[in-house]
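This report examines selected local features of one protein model. Please consult the sequence and the structure displayed here before reading on.

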Amino acid sequence: MNYHKKSVRDIDVSGKKVFLRCDFNVPLDDNGQITDDIRIRGALPTIRYLLEQGAAIILCSHLGRPKGKVVPKLSLKPVAQALEEFLNIKVPMAEDINGPIAQMMANGIRPGQVMLLENIRFRPEEEANDPDFAKSLAALADIYVNDAFGTAHRAHASTAGIADYLPAVCGFLIEKEITTMGKAMENPEHPFVAILGGSKVSEKLKLIEKLLVEHCDTVLVLGAMSYTFRKALGGSIGNSLCEDSMVEEMGQLMERAKDMGCNLLLPVDNVVADKFDNDADIKVVPAGQIPDGYMGMDIGPATAEIYSRIIESARTVVWNGPAGVFEMPNFAHGTQAIATAVAKVKGVSIIGGGDSAAAIDSMGFSRHVTHISTGGGASLEFLQGMELPGIACLDDAE
Ligand code: AMP
């Protein structure tokens with residue numbers, strides 16, 4: 001995968017119409033109010049830069065999963081309103097996306113003006129990456145800018161297909177994603193420590209393999225997936241989550257890591273509970289000695305200490321996936337300890353989106369890490385070395 005792509009800085013946008021694909025997939029409450037506008041705020045630097053450079057902008061995003069149908073409660077109208085407040089200019093919306101109204105509005109916008117297309121996933125052609133649909137979107141503008149990293153692993157009409165018809169570059173959000181994560185993968189400073197948690201080892205297997213083979217000095221395993229590894233070593237894991245079909249493969253993976261001189265570490269102790277409940281009967285036990293009737297819910301204090309020491313002395317850290325059931329306060333201590341250690345890293349620290357990003361954010365550590373990826377699935381695929389269609393389609397930097 002080529003990480004060196006042209007950005008908005010590399011082209012002249014003055015007097016041009018820019019089709020800007022953003023990720024305005026924001027959470028809404030029952031009254032249609034936006035409950036977290038971080039994604040909208042994240043898009044503002046690229047929008048403001050383009051406006052300052054004298055471009056007119058046709059904004060585009062999806063919201064939720066309307067599956068190709070018009071679902072009124074997934075309208076981007078609240079986003080248009082929020083943008084008006086942030087930018088202090090009118091943000092009219094084209095409800096027909098690529099129809100005559102959108103065409104007329106796109107024809108009429110002038111430098112410094114903005115319009116927004118309605119939820120692009122109201123149209124089935126979007127996710128089907130229909131070439132005629134992509135072409136009709138391209139006809140609205142002169143330049144395509146992709147700044148939606150969260151959907152860059154999808155080959156849809158507005159994330160990839162449109163780039164067949166226009167000069168295509170990235171915005172500041174994607175630029176930061178690919179330069180920071182690309183550098184960590186191409187040329188990391190060592191020691192390079194990966195912290196991998198979350199629920200399913202099957203979803204992270206490729207990433208673990210890639211990190212082991214190519215980059216990492218140490219892989220710290222945590223979260224629910226650690227019990228599948230532990231079972232492979234013959235430990236008792238009680239009722240903990242386990243992917244039985246993966247146990248044998250995990251045993252082989254640990255052998256391979258040993259042969260390659262990579263430390264693949266498992267938790268040494270666990271916080272366990274007699275039910276999946278914050279108010280369960282809770283105790284700390286050595287890993288692999290979880291009594292019957294109990295399940296592993298978090299890493300224990302000894303693991304948190306060992307892992308923290310390793311993390312703090314790293315020069316490159318990639319973290320994806322929580323240490324335990326961090327949504328319940330009694331099982332959030334492990335994830336909090338990891339977040340604290342990651343925030344102390346002196347080199348490069350990359351948070352691979354999703355739950356780990358939420359943990360870092362909720363503890364107020366966002367400013368202490370190098371990069372928080374805006375896309376969970378996309379960052380996993382990126383770090384695995386997979387080609388992301390929304391980035392591959394952009395023009396290569398010279
Ligand atoms: P993922 O979506 O794969 O990143 O996994 C995140 C989810 O894994 C979170 O909702 C956590 O609550 C959950 N999780 C982490 N550790 C455990 C555990 N020991 N048992 C059950 N679920 C867990």
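Predicted model: local features only at pLDDT ≥ 70, side-chain atom pairs only at ≥ 80, totals over all residues.

Is Glu398 buried or exposed? With a relative accessibility of 88%, Glu398 counts as exposed.

## Salt bridges

Side chains of opposite charge can pair when their charged atoms come close. In this structure there are 15 salt bridges. One of them joins the side chains of Lys6 and Glu398, with an N to O distance of 3.4 Å. Lys6 belongs to the segment before strand E1 (17-21) and Glu398 to the segment after helix H14 (389-392), so this pair ties together parts that are 392 residues apart in sequence. The two partners fall into separate accessibility classes: Lys6 counts as buried because its relative accessibility is 19%, below the limit of 20% for that class, whereas Glu398, at 88%, counts as exposed.

A salt bridge is also formed by the side chains of Glu126 and Arg21, at 3.8 Å from N to O. Because Glu126 is in helix H4 (residues 124-127) and Arg21 in strand E1, the pair links parts that are 105 residues apart in sequence. Both Glu126 and Arg21 are buried.

Asp23 and Arg39 form a further salt bridge, their closest N and O atoms being 3.5 Å apart. Asp23 lies in the loop between E1 and helix H1 (38-52), while Arg39 is in helix H1, so the parts tied together here are 16 residues apart in sequence. Asp23 is buried, with a relative accessible area of 12%; Arg39 is partly exposed, with a relative accessible area of 33%.

| Pair | N to O distance |
|---|---|
| Lys6 and Glu398 | 3.4 Å |
| Glu126 and Arg21 | 3.8 Å |
| Asp23 and Arg39 | 3.5 Å |

## Positive patch on the surface

Which residues gather in a patch of positive charge on the surface? The patch consists of Arg65, Lys67, Lys69 and Arg154. Arg154 is placed in the loop between strand E5 (143-146) and strand E6 (168-170). Its relative accessibility is 38%, and Arg154 therefore counts as partly exposed.

## Kink in helix H7

Helix H7 (residues 201-215) has a kink of about 25°, centred on Leu207. Leu207 is itself among the buried residues of H7.

Most residues other than glycine have a negative phi, and most peptide bonds are trans. Several sites in the model are to be read against that background.

The peptide bond from His190 to Pro191 is cis, with omega near 0°. Pro191 is located in the loop between helix H6 (172-186) and strand E7 (192-196).

Asn88, although not a glycine, has a positive phi of about 60°. This residue is in the loop between helix H2 (77-87) and strand E3 (93-94), and Asn88 counts as exposed at 69% relative accessibility. Asn129 likewise is not a glycine and has a positive phi, of about 50°. Asn129 sits in the loop between H4 and helix H5 (131-138). At 25% relative accessibility, Asn129 counts as partly exposed.

## Separations in sequence and in space

How far apart are the C-alpha atoms of Ile34 and Ala82, and what is their distance along the chain? The C-alpha atoms are separated by 8.6 Å, and the residues are 48 residues apart along the chain. Ile34 lies in the loop between E1 and H1 and counts as partly exposed at 23% relative accessibility.

For Asp279 and Gln289, which are ten residues apart along the chain, the C-alpha atoms are separated by 22 Å. Asp279 is found in the loop between strand E11 (269-273) and strand E12 (282-286). It is exposed, with a relative accessible area of 65%.

Ser240 and Ile57 are 183 residues apart in sequence, and their C-alpha atoms are 51 Å apart in space. Ser240 has its place in the loop between strand E9 (236-237) and helix H9 (247-259). With a relative accessible area of 8%, Ser240 is buried.

Notes:
Residues numbered from 1 in each chain as written. Heavy atoms only, no water. Patch = residues over 30% accessible without salt bridge, like charges linked within 9 Å, V, L, I, M, F, W, Y side chains within 5 Å. Areas by Shrake-Rupley, 256 points an atom, 1.4 Å probe, with all protein chains shown as cover. Salt bridge = Lys/Arg side-chain N within 4 Å of Asp/Glu carboxyl O. Lys, Arg positive; Asp, Glu negative; His and termini not counted. Charge placed at Lys NZ, Arg CZ, Asp CG, Glu CD. Helix = DSSP H or I, 4+ residues; strand = E, 2+ residues; numbered from the N terminus. Buried < 20%, exposed > 50% of the residue type's maximum accessible area, 1.4 Å probe, protein only. Bend = angle between axes of the 7 residues up to and from the residue.
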